[in-house]
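Subject: Handover of a structure and its findings

Dear colleague,

Please find the structure below, followed by an account of what was found in it. I should be grateful if you would read the account with the structure open.

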There are 2 protein chains.
Amino acid sequence: MGKPVKSAVNISDDEIRASLEKGQIRLLDERGIDVMLFSPMASAMGHHFGNALVSRYWTEVNNDLIHRVCRLYPARFVGVCSLPQSAGVSPGECVEELERCVNEFGFVGCNLNPDPSGGYWTGPPLGDEWWYPLYAKLQQLDVPAMIHASATCNPAFHTTGSHYLNTDATAFFQLMESRVFRDFPKLRIVMPHGGGNVPYQAARYRALCIMNKWEPFDDFIKRIYFDTTVYNQDAMELLIKVVGVDNIVFASEMLGGVNTTDPATGKSFDDNGRFIDAISWLTDQDRSKIFEGNARKAYPRLDVALARV
Amino acid sequence: MGKPVKSAVNISDDEIRASLEKGQIRLLDERGIDVMLFSPMASAMGHHFGNALVSRYWTEVNNDLIHRVCRLYPARFVGVCSLPQSAGVSPGECVEELERCVNEFGFVGCNLNPDPSGGYWTGPPLGDEWWYPLYAKLQQLDVPAMIHASATCNPAFHTTGSHYLNTDATAFFQLMESRVFRDFPKLRIVMPHGGGNVPYQAARYRALCIMNKWEPFDDFIKRIYFDTTVYNQDAMELLIKVVGVDNIVFASEMLGGVNTTDPATGKSFDDNGRFIDAISWLTDQDRSKIFEGNARKAYPRLDVALARV
């Protein structure tokens, strides 16, 4: 642990192809999805594990592997990197790896873990200037950060249950009570899991913005993109209603935290495009934004990456 | 701090009356509410503050004051106590104060803080036997615990925003992955804030129960009561739909975290009975359960307390 060594990853291209053909590519085809943004598995980012050098080597190896995937299937996968975060280490230390992935590999975004301690929340909140060197680089490169936790080592939390969803709500609130978007007006942020609790608790957030004289909630929420990884009809409708059709980016977890069949429908929980199809008050233009247009807006380099194909 | 002294609280009955007549009693009358369960203010429980003896004295003083309120207005207020919790101290140490409040004062329930560290989550989860002496006493006395955080001293969280709501979701998940209800089948638990994120993220919880072979989500959720402190129509409908009319207990925060007017409606955010009135698919019997019957079921000693009036 103290003296990590970085060596070659012994996975052949054929092994990568075999894994993807029976996994993500099969599901993309089944569900009519053209392109997937592919990032290292969030729960395995493991920023709390070892030290900053362990995190750096592990992150580089993972981003390299994502790059190999994207080169093998340039029409299906576009890369998003993880960052070599480590508890107590300046986020400025991640800038070099972000630049490598964007400039050398053509990646279009990154994952940003607001709690690299893994559930102990020992670091400064996202509104603190501690994070500003990273925000400056994100804005300069014009790539978004998806806010996403990794696994928790705190027994109070469950990784893909309470920890992920709490992290979404916590990060949203940290940004809402901060001046981050005044200091970085072009910073792009994407929230996973349909925003954790934000659409359901919108009235509370709205009231707290009024009571604290913050930017009105209905203006603030437009600064952020929300993905659609909620898995029933009612939640999907609430999400789109609260956030609005211009800030919703289609996503499902392939393969992720809800990788099983819903006995009520006989379909996989994460086969969630059908919930969007079923919303009667969406127009074809709305659906086009949710399934494609908003992703191109949130990830401006996506157009460039796809034009290369 | 190291040598706390407990002395008399210099608040006269007239001062108590003056505060309540222009506060809670005015609002109860305006909103047609007969009886309110009155507990010490959650954000001021302050279990992270000082040491166990500070927490004990402060909790006793607060519970004594609640008891005075209930004696002054026995037809309007029924007492719910806070507990002298302290980070790292066994919950068994709270049993004596719980018994005092229930047996001597006629209180009908308590607040239970799953994170007495105030946002650092340093203690064992609610599924740990660490909590069992308290659960045994709650079950024996037949009084429910409302799960509720106090203020956070961790800058990652906002007390009435992310910390309260995260705590609801965290506690729900800790219980869901535990054997607490197998070991204490008659334990009564109430969740505030409409369950934090639970109704919105129900499909994720449902999937995780299947993947982990836990009790099915739709059975587990019936073991817990949820209050109605969500503040718009869509959230209220989602809450009641997911939890079911038999497990919903009417509540609003009077006066609490959302103490302001909604500019969209001109009404106070926490005047939330109207959302229940407006749900077309509820019957009169359903509304009767939500506004009264379920509270009598969740708090069995409420009947006794009100019969004394």
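The contact between the two chains takes 53 residues from chain B and 53 residues from chain A, where contact means heavy atoms within 4.5 Å.

Before the details, the conventions are as follows. This is a predicted model, in which local features need pLDDT of at least 70 and side-chain atom pairs count only at pLDDT 80 or more, while totals for chains, interfaces and linings use all residues. Residues are numbered from 1 along each chain as its sequence is written, chains are lettered from A and ligands numbered from 1 in the order in which they are written, and side-chain values use heavy atoms, with hydrogens and water left out.

The interface

The size of an interface is often given as the accessible area lost when the parts come together. Here the area buried between chain B and chain A is about 4,400 Å², and carbon and sulfur atoms give 60% of it; buried area is the accessible area (1.4 Å probe) that two parts lose on being put together, summed over both. On the side of chain B, the residues that lose the most area to chain A are His158(B), Tyr200(B) and Arg204(B), together 18% of what that side buries.

Four salt bridges are counted between chain B and chain A, a salt bridge being a side-chain nitrogen of Lys or Arg within 4 Å of a carboxyl oxygen of Asp or Glu. Arg204(A) forms a salt bridge with Glu253(B), with the closest N and O atoms 2.6 Å apart. Helix H6 (159–176), helix H8 (202–212) and H10 of chain B each supply at least two residues of the side that touches chain A. Helices (H or I, at least four residues) and strands (E, at least two) are DSSP runs, numbered from the N terminus.

Helix H12 of chain B

The 15 residues of helix H12 (residues 284–298) of chain B should span 21 Å at 1.5 Å a residue, and the end C-alpha atoms are 20 Å apart, which agrees; the expected span is 1.5 Å times one less than the number of residues. H12(B) has a kink of about 55°, centred on Ile290(B), the bend at a residue being the angle between axes fitted to the seven residues ending there and the seven starting there. Among the buried residues of H12(B) are Ile290(B) and Asn294(B). Buried means under 20% relative accessible area, exposed over 50%, and partly exposed in between (1.4 Å probe, protein chains only). The cover over these buried residues includes strand E6 (224–227) and helix H13 (301–307) of chain B.

Asn294(B) is also one of the residues touched by Asn247(B), which lies in the loop between H10 and E7 of chain B. Asn247(B) is buried, at a relative accessible area of 6%, and a polar atom of its side chain lies 2.8 Å from the backbone oxygen of Lys222(B).

Salt bridges within the chains

Over all chains, the count comes to 42 salt bridges. Arg68(A) forms one with Asp13(A), the closest N and O atoms being 2.8 Å apart. This pair links distant parts of the chain, with Arg68(A) in helix H3 (residues 52–72) and Asp13(A) in helix H1 (residues 13–22) of chain A, 55 residues apart. Arg68(A) is partly exposed at 21% relative accessibility, and Asp13(A) is partly exposed at 33%.

In chain B, Glu60(B) and Arg56(B) meet in a salt bridge (3.8 Å, N to O). These two residues are separated by about one helical turn, because they are four residues apart in helix H3 (residues 52–72) of chain B. Both Glu60(B) and Arg56(B) are buried. In chain A, salt bridges that share partners join Lys6(A), Arg56(A) and Glu60(A) into one network.

Yours sincerely

Key
Polar contact = N/O pair within 3.5 Å; in protein donor to acceptor, adjacent residues only side chain to side chain. Lists of a residue's contacts leave out its neighbours within four places in sequence.
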